[in-house]
Amino acid sequence: MRGKLSIAGLARVFLRNGTFTFGGGDATTAALQRELVANHGWLSEHEFGACYTVSRVTPGTNLLAFCTAVGWTLLGFRGAMSALLLASIPGAAVLIVMTAFYGAATRNPWLMSAIHAALAAAVGIMLAAVWTLLRGPLRRRPARTVVVAAPALVLSLYGLLSPLEVLALAAGFGLLAPERDAA
Amino acid sequence: MSAGLLYLLLLKATLISFSGLSSMPIVRDELVVQYGVLSDSQLNAAVALARAAPGPFGGYVISVGYFVGGVAGGIAGWLALITPALLAIPLTHFVARSTGHPRARSMLGAVVVASAALILVATVPIAMQALGSTALIVIAVASTLVLAATGLETVWVVAAAAATGLLAAWFGATL
């Protein structure tokens, strides 16, 4: 069931995660998945899958395409623009300041210690997102989940297929072997 | 170099790439080799800065923009970063119209599982880079357990981790 959604609430989620999540686009996507799907219930698992797929086929930075897709799915054009701007502006501002003070920033042990710890937390955010994404499918359809997840993991880990090809393969499996309760 | 030209050159690079740093060869060719307005060391610094800042690694184009043209250049880099994302709107509109169909839902169900595998794979290089000490491994494990077991928002976990890093620096043990 979808939780109460407002443009202000959605803006807060993107602003918070765009400002404070370190570790790159995948870590931020994982953090957003947690808030949008698991915590607020604004986005269903299927809608997350659709937005994730769109983000992979859109040129440019996957994370920003993901944010735009989520915003559009939930609140149309104003949602898309709010998500895109609020997920990118704080990080851009931080990056400009860090670039301006590049030498001093990288020599500051306090700042670097805090950043290193935040990057370690990003690893935790990503692992927790994997768990929340797999928890439901593993409970409902364990064998099917393993059949999709294991090849996706191996093919991607060893660089045999690109992420886009892995997603296409999974989608092909879903098309040819439909879930009984997908309707 | 004008901010407008810088935007177009960086946009060309971001538009024909499909992940964060894959635009780098084009950026290097345009700004380092052809125009000579950026050095290789500045390009490397831009990548390192984007890895240390919040947001996507592809944000390195913002640092590149700043190195080339100051704040106006940084804004040009940011615009080049966000412009391709607008293409997600028509794509999402098209995909959303299909999600009610049972076979489409089945496809998306499989995609969700595959996306979890992809996030797990993406964790590997970040973990190898980020977990260089026992203390950092403990932070990562604790973050995972807290997030998996509770509904705590990620921002608090990041804040707690950063505070731990500051505390460590206070006691002279930089993480």
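Which residues have the most contacts inside the largest nonpolar core, and how many residues does that core have? In this predicted model, the largest nonpolar core has 124 residues, and those with the most contacts inside it are A118(A), A121(A), A122(A), I125(A), M126(A) and A170(A), together with A114(B).

**The nonpolar core**
- Helix 4 of chain A, residues 62-100, supplies the largest share of this core, with 20 residues.
- M126(A), one of the residues with the most contacts inside the core, touches D26(A), A27(A) and A30(A), and also I119(B), A122(B) and T123(B), when residues up to four places away in sequence are left out.

**The contact between the chains**
- On the two sides of the contact, 86 residues of chain B meet 97 residues of chain A.
- Two or more residues on the side of chain B that touches chain A come from each of helix 1 (3-15), helix 3, helix 4, helix 5 (88-96), helix 6, helix 7 (134-149) and helix 8 (154-170) of chain B, and helix 6 of chain B gives the most, with 24 residues.
- Sorted by class, that side of chain B has 60 nonpolar residues, 23 polar residues and 3 charged residues.

**Helix 6 of chain B**
- Helix 6 of chain B runs over residues 102-130, and its 29 residues reach 41 Å from the first C-alpha to the last, which is close to the 42 Å expected at 1.5 Å a residue.
- There is a bend of about 25° in helix 6 of chain B at V124(B), with a proline, P125(B), following within four residues.
- Because 23 of its 29 residues are buried, helix 6 of chain B is largely enclosed by the rest of the structure.

**A buried arginine in chain A**
- R16(A) lies in helix 1 of chain A, residues 7-20, and is buried because 20 other C-beta atoms lie within 10 Å.
- Although R16(A) and P90(A) are 74 residues apart in sequence, their C-alpha atoms are 9.0 Å apart in space.

**Confidence**
- The model as a whole scores ipTM 0.78 and pTM 0.79.
- Chain A averages a pLDDT of 85, with 97% of the residues scoring at least 70; within chain A, confidence is lowest in helix 5 (residues 102-107), at a mean of 74, and highest in helix 7 (residues 142-157), at 94.
- Chain B averages a pLDDT of 86, and 97% of the residues score at least 70; among its elements, helix 3 (residues 40-52) has the lowest mean, 80, and helix 4 (residues 60-82) the highest, 94.
- Where pLDDT is low, the predicted coordinates should not be read in detail.

Notes:
Residues are numbered from 1 along each chain as its sequence is written. Chains are lettered from A and ligands numbered from 1 in the order in which they are written. This is a predicted model: local features need pLDDT of at least 70, side-chain atom pairs count only at pLDDT 80 or more; totals for chains, interfaces and linings use all residues. A nonpolar core is a set of buried Ala, Val, Leu, Ile, Met, Phe, Trp, Tyr and Cys residues joined through C-beta atoms within 7 Å. A residue is buried if 20 or more other C-beta atoms lie within 10 Å of its own, exposed if 12 or fewer, and partly exposed in between; C-beta atoms are placed from the backbone. Two residues are in contact if their C-beta atoms, placed from the backbone, lie within 7 Å. pLDDT is the predictor's confidence in each residue, from 0 to 100. The expected span of a helix is 1.5 Å times one less than its number of residues. The bend at a residue is the angle between axes fitted to the seven residues ending there and the seven starting there. Ala, Val, Leu, Ile, Met, Phe, Trp, Tyr, Cys and Pro count as nonpolar, Asp, Glu, Lys and Arg as charged, and the others, Gly among them, as polar.
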